[in-house]
Amino acid sequence: MTLTPVTPDTAVDDDPRRYEHLSTIRLEDPQAVSRAAKARRRHPGLKAGRQNFIVAADHPARGALAVGSDPVAMADRRQLLDRLQIALANPAVDGVLASPDIMDDLLLLGALDGKLVFGSMNRGGLSGLVNEFDDRFTGHTAAALQELGADGGKMLTRICLGDPDTVATLEATARAIDSLAERKLIAMVEPFLSVRENGRVRNDLSPNAVIKSIAIAEGLGSTSAYTWMKLPVVAEMERVMAATTMPTVLLGGDPDGSQDEVFATWGAALALPGVRGLTVGRTLLYPADGDVAGAVAAAASLLHHTTELPEN
């Protein structure tokens with residue numbers, strides 16, 4: 001996939017100093033982040049008849065900057081914030097999943113009013129790191145998310161049967177689930193059965209592997225009352241979704257196919273019982289044609305709603 005930069009007519013602003021005020025605020029008034037979080041209008045609430053649309057923006061914190069053939073597509077923070085604001089301006093977008101740095105920027109920009117907010121909790125398993133499976137919790141804590149007025153936290157849970165670091169990740173994930181549940185916050189668990197091949201981590205996206213990862217992940221923690229699954233769209237999704245009763249959102253990843261092909265697979269999966277929406281990032285923020293608003297609108301059209309769309 002070849003990326004086309006966002007053009008001036010789709011960008012929030014093309015002034016290279018457009019986010020300089022964020023640096024000034026952080027320098028002179030760091031408590032502004034906390035005040036913005038407290039002043040933020042909350043999302044009206046989750047409903048069974050309405051699938052949710054959450055934009056993911058936590059990739060850079062794990063050193064994962066690539067989209068398609070561009071290894072540093074997500075490196076420009078100004079462009080990323082432009083694209084996120086374009087996505088969040090669509091009333092069909094319910095919220096964001098972000099690392100603390102991006103979350104704080106969005107709070108200062110006032111971009112999260114009426115939105116669901118999920119923090120990214122473990123970013124320590126850096127892309128390409130020699131001990132990548134030792135995926136430590138280096139981002140949001142449950143206490144910090146409660147203080148921010150967030151709705152929950154997300155944790156990447158890669159399970160490598162041949163790597164001893166996996167057991168520590170599972171234990172840390174279980175503790176995080178319990179810590180979130182104590183505060184009545186959602187634990188969005190993103191499990192994969194993974195392997196290391198030629199020095200690189202690869203997620204096994206075969207249906208049986210995804211089903212096995214679900215079975216392991218949904219048993220973590222002392223309660224599953226607040227646990228959601230965040231799952232890839234793979235073959236035999238009917239059988240995959242039969243493996244869980246947890247509310248499930250679909251992730252986008254870094255797809256190989258065309259946008260039409262990807263959206264067709266999402267549409268089919270969104271029709272399955274238990275699927276509660278999309279949590280997608282790079283596919284929509286960095287579409288091949290550069291039209292972020294168009295990609296977001298197209299994805300939103302796939303969602304199923306039996307209740308009226310609330311006003312943001």
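Reply: In this predicted model, His 59 is buried, its relative accessible area being 15%; buried means under 20%, exposed over 50%, and partly exposed in between, with a 1.4 Å probe and protein chains only. Residues are numbered from 1 along each chain as its sequence is written, and side-chain values use heavy atoms, without hydrogens or water. Local features need pLDDT of at least 70 and side-chain atom pairs count only at pLDDT 80 or more, whereas totals for chains, interfaces and linings use all residues.

The loop that holds His 59 runs between β1 (52-57) and α3; helices (H or I, at least four residues) and strands (E, at least two) are DSSP runs, numbered from the N terminus. Apart from neighbours within four places in sequence, His 59 is in contact (heavy atoms within 4.5 Å) with Ala 64, Met 74, Arg 123, Gly 281 and Arg 282.

The nonpolar cores come next. Such a core is a set of buried Ala, Val, Leu, Ile, Met, Phe, Trp, Tyr and Cys residues joined through side-chain atoms within 4.5 Å. The largest one has 77 residues, and Phe 53, Leu 84, Leu 106, Trp 266, Leu 278 and Leu 284 have the most contacts inside it. Helix α3 (residues 77-88) gives the largest share of this core, six residues. Phe 53 touches, among others, Ala 92, Val 93, Leu 278, Leu 284, Val 296 and Leu 303, leaving out residues up to four places away in sequence. There is also a second, separate core of nine residues, including Ala 56, Phe 118, Ile 186 and Trp 228.
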